[in-house]
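I set down each item as I looked it up.

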Amino acid sequence: MTEEIIIAGFGGQGVLSMGKILAYSGLMQDKEVSWMPSYGPEMRGGTANVSVIISDERISSPMISVFDTAIILNQQSLDKFESSVKPGGVLLYDPNGIIKPPTRKDINIYKVAATEKASELGLAKVFNMIVLGAFLQVKPVVTEEYIEKGLMKSLPERHHGMIPENLKAVQTGKKIVETVQTL
Amino acid sequence: MAKELKLMKGNEAIAEAAIRSGCDGYFGYPITPQSEVMEHLMAEKPWEKTGMVVLQAESETASINMVYGGAGAGKKVMTSSSSPGVSLMQEGMTYLAGAELPCLLVNVVRGGPGLGTIQPSQADYFQTVKGGGHGDYRLFTLAPATVQEMYDFVFLGWEMAFKYRNPVMILSDGAIGQVMEKLYVTDYTPRWTNEEIAEKCPWSTYGKPSTRKHNIITSLELEAPKQEEHNHKLQAKYAKMEEDEVRYEMVNCEDAEYVFVAYGSSARIAEKAVQLGREKGIKVGLLRPITLFPFPKKIIAELSTKVKGLLAVEMSAGQMVEDVRLAAQFRCPIEHFGRFGGVIPTPHEVLEALEEKIIKA
Amino acid sequence: MFNPDIIKPENLVYKRTSVLTDNVMHYCPGCGHGTIHRLIAEVIEEMGIQEKAICVAPVGCSVLAYNYFDVDSQGAAHGRAPAIATAIQRLYPDNHTFTYQGDGDLAAIGTAETIHACNRGENIVMIFVNNGIYGMTGGQMAPTTLIGMKTATSPYGRDVALNGHPLKITELLADLPGTYYVTRQSVQNAASVRKAKKAIRQAFENQKAKKGTSFVEVVSNCNSGWKMTPVAANKWMEENMFPFYPLGDMKVDGQKVSK
């Protein structure tokens with residue numbers, strides 16, 4: 001199993017930390033992992049993005065340009081990365097602020113209204129964990145047990161009190177993810 | 001030795017390795033994309049753990065000279081920077097090489113020339129392995145391709161630096177500096193005591209006991225014949241490195257008809273291109289130089305008699321390829337593929353370049 | 001007529017300090033460097049810190065200072081001595097690292113290193129020899145060259161419009177919170193030599209007590225560069241350098257001295 005993921009959105013949406021938690025969870029589950037922040041051709045310019053690879057084998061290049069999954073959190077990122085999803089791959093997006101939805105017919109598309117849900121629940125801080133939950137519902141590359149371990153490992157101890165809230169958000173995401181199209 | 005698993009950025013791995021390898025002092029100045037080195041050190045407060053000194057200097061010029069002072073006094077000292085900052089340090093590097101001072105330098109390369117970009121690049125190859133500063137000198141140069149190697153090469157760097165009394169450069173790039181990967185860290189190696197320094201570095205200026213003559217650290221010589229003699233000594237040292245210290249890795253080269261030559265990040269990308277090529281039935285392999293000086297000339301010469309072509313893959317307009325050509329002596333086609341200015345090539349582009357420039361040509 | 005009694009130990013009235021080597025100094029006859037070297041060496045001997053003293057020599061006339069001080073020494077790149085001394089002293093906090101620098105080294109190319117070492121309050125001693133000229137390279141204009149003073153690169157005299165003003169770096173350093181002791185001395189006669197030695201001793205004592213940066217400027221002559229006899233050079237220094245670079249303590253025990 002090798003899962004090559006891009007997570008892209010605005011700076012401040014928790015893109016990098018979502019990737020980090022995913023990578024830490026993979027690490028705890030004894031996978032090979034890499035986490036590569038916005039760096040390279042598509043750096044800056046309003047969007048933040050991170051490539052995460054989770055694999056059972058040695059990872060050759062942590063720098064990748066096509067993805068098994070794109071997790072998209074704003075229109076700019078959708079415009080930029082829709083075409084980079086491998087045929088048969090997954091595009092997961094938050095419809096908030098999306099005026100031109102994805103159009104590709106050769107990929108699986110899901111959406112998660114995480115922004116809306118987070119503000120409804122007053123959980124803006126764990127917005128990214130709702131998105132992560134939605135992704136794990138679609139592609140269970142790490143199990144929930146290891147998400148908890150990943151959070152323990154990646155968060156400083158003074159923030160460990162926030163772990164239950166984060167896990168609840170993951171559950172919420174799993175429940176509210178919607179299928180737009182499957183092949 | 002007990003090992004602990006962490007997930008860390010390459011830059012943080014350099015800092016963590018410094019603390020755990022018994023480094024005495026780090027002197028630096030912030031610059032993207034390597035600022036995490038000093039940030040990690042300042043957060044870890046190693047002066048409380050191991051007694052290591054960490055100082056943010058007023059410039060790269062000052063930090064490289066702080067390295068000179070510490071190294072001249074027999075301590076394990078280091079600095080890190082990125083391309084524009086490293087250009088500013090060239091004065092210090094030639095003095096360090098001239099005075100034969102062991103120390104560790106790290107360049108997390110970004111796109112140039114000038115202020116350039118903050119994205120990864122390998123365009124400082126010439127500067128690193130061909131001089132950079134004035135005079136005939138060499139930096140022992142290690143090119144890590146993983147976060148683990150960023151860590152491990154700090155240890156190897158100290159070993160080489162003190163074995164040869166020579167500055168060691170870890171030539172990395174923004175991608176390896178910024179990426180987070182699995183990292184196994186080792187136990188803390190204690191710093192040398194002053195007695196150990198006196199024993200291991202009897203030439204150093206730690207304060208003159210009444211039992212010996214005063215030690216002088218300098219690169220100045222007023223008489224040309226003596227300076228020529230000193231140069232001969234340096235050249236003999238570099239020749240010894242070329243004889244004994246060449247390091248490289250080969251991937252899928254046993255049956256290869258074509259071989260990528262790539263170091264650092266480019267080697268990671270080329271390794272992926274090897275996989276893609278093999279899937280297409282192209283017998284392609286990878287030679288990854290780990291030491292850039294000394295450069296793996298012999299294995300390249302050997303490969304050049306066996307394969308149908310070599311493709312140097314670099315994030316530069318073509319620098320290492322010159323050394324590949326010198327080593328291979330045109331015994332087979334040798335081409336270059338590079339993206340530069342901070343652009344990272346994709347594995348598909350690399351494979352396509354092999355097909356276009358070598359296989360079809 | 002050799003009188004063997006002279007070499008009897010009980011007749012010894014003066015001897016060269018053991019902290020200076022036997023090497024013949026390359027300084028011009030009449031130059032102040034030799035005297036300043038001797039004062040530093042005597043202080044090191046009297047304080048019993050030869051084993052802890054580390055000299056950082058500059059680029060300039062005193063580039064070979066490490067051949068004369070019998071202490072561990074490093075030769076710095078031009079202007080970088082304060083950065084080098086910073087590292088040595090931080091790595092060996094009980095040692096006595098000192099820099100010995102000229103005006104071009106300390107106040108032109110090394111201004112940033114000088115100011116920042118002093119501002120951090122590095123526990124080092126800095127000896128600054130100011131003769132208003134680049135002696136080693138053949139008498140070019142220095143940052144401290146006086147207005148109207150002729151040098152190889154100001155052959156018609158230093159002109160503010162063309163060359164800017166002379167830099168009173170010592171006054172500037174006295175204003176920095178990191179400096180503990182800042183003084184300006186000279187060595188052209190016996191009385192001034194005694195005062196200068198006292199100042200150098202004070203600087204090393206401060207360092208021993210880990211007080212921060214101690215900075216001793218010595219206004220000196222350059223009879224070769226100034227193209228004068230040694231006697232005339234000292235007279236010219238008293239009449240022209242001292243009014244612009246007034247002697248005396250500027251900061252003592254971390255407190256500025258009011259004029």
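I took two strands as paired if DSSP finds at least two bridges between them. Helices (H or I, at least four residues) and strands (E, at least two) are DSSP runs, numbered from the N terminus. The model is predicted: local features need pLDDT of at least 70, side-chain atom pairs count only at pLDDT 80 or more, and totals for chains, interfaces and linings use all residues. Residues are numbered from 1 along each chain as its sequence is written, while chains are lettered from A and ligands numbered from 1 in the order in which they are written.

**Entry 1. The sheet**

I began with β5 (residues 85–93) and β6 (residues 108–111) of chain A, which pair in the parallel sense over four bridges. A:Leu91 has A:Ile109 of β6(A) as its bridge partner.

**Entry 2**

I looked up the strands on either side of the chain boundary. Strand β2 (residues 32–37) of chain A runs antiparallel to β8(B), and two bridges join them. B:Met180 in β8(B) is the bridge partner of A:Trp35. B:Met180 also stands opposite B:Lys9. β8(B) is paired with β1 (residues 3–9) of chain B as well, antiparallel and over seven bridges.

**Entry 2. Helices on the sheet**

**Entry 3. Chain B against chain A**

How many residues of chain B are in contact with chain A? I recorded 20 residues of chain B against 18 residues of chain A, where contact means that the C-beta atoms, placed from the backbone, lie within 7 Å. On the chain B side, the elements that give two or more residues are α9 (174–178), β8 (180–186) and α12 (264–279). The largest share, six residues, comes from α12(B). By class, this side has nine nonpolar, six polar and five charged residues. Ala, Val, Leu, Ile, Met, Phe, Trp, Tyr, Cys and Pro count as nonpolar, Asp, Glu, Lys and Arg as charged, and the others, Gly among them, as polar.

**Entry 4. α12(B) and α15(B)**

I returned to α12(B) for its packing. Its axis and that of helix α15 (residues 347–359) of chain B come within 8 Å and cross at roughly 65°. α12(B) is therefore roughly perpendicular to α15(B), a term that covers 65 to 115 degrees. From α12(B) the contact includes B:Ile269, B:Ala273 and B:Leu276, and from α15(B) it includes B:Val350, B:Leu351 and B:Leu354. Eight nonpolar, two polar and one charged residues make up this contact.

**Entry 5. The two domains of chain B**

I noted domain 1 (3–197) and domain 2 (248–359) of chain B, with bounds that come from an automatic or database domain assignment. Their centres, taken over C-alpha atoms, are 27 Å apart. The contact takes 25 residues from domain 1 and 21 residues from domain 2. On the domain 1 side, α7 (125–129), β6 (140–142), β7 (167–173) and α9 of chain B give two or more residues. α7(B) gives the largest share, four residues.

**Entry 6. Chain C against chain B**

Last, I looked up chain C, of which 28 residues are in contact with 33 residues of chain B. Of the chain C side, α2(C) gives the largest share, eight residues. That side divides into 14 nonpolar, seven polar and seven charged residues. Strand β9 (residues 216–217) of chain B and β2(C) pair in the parallel sense over two bridges, and B:Ile217 stands opposite C:Gln74.

Note on methods:
Contact = placed C-beta atoms within 7 Å. Axes fitted to C-alpha atoms, helices over the stretch in contact; angles between N-to-C directions. Parallel < 35°, antiparallel > 145°, perpendicular 65-115°, else oblique.
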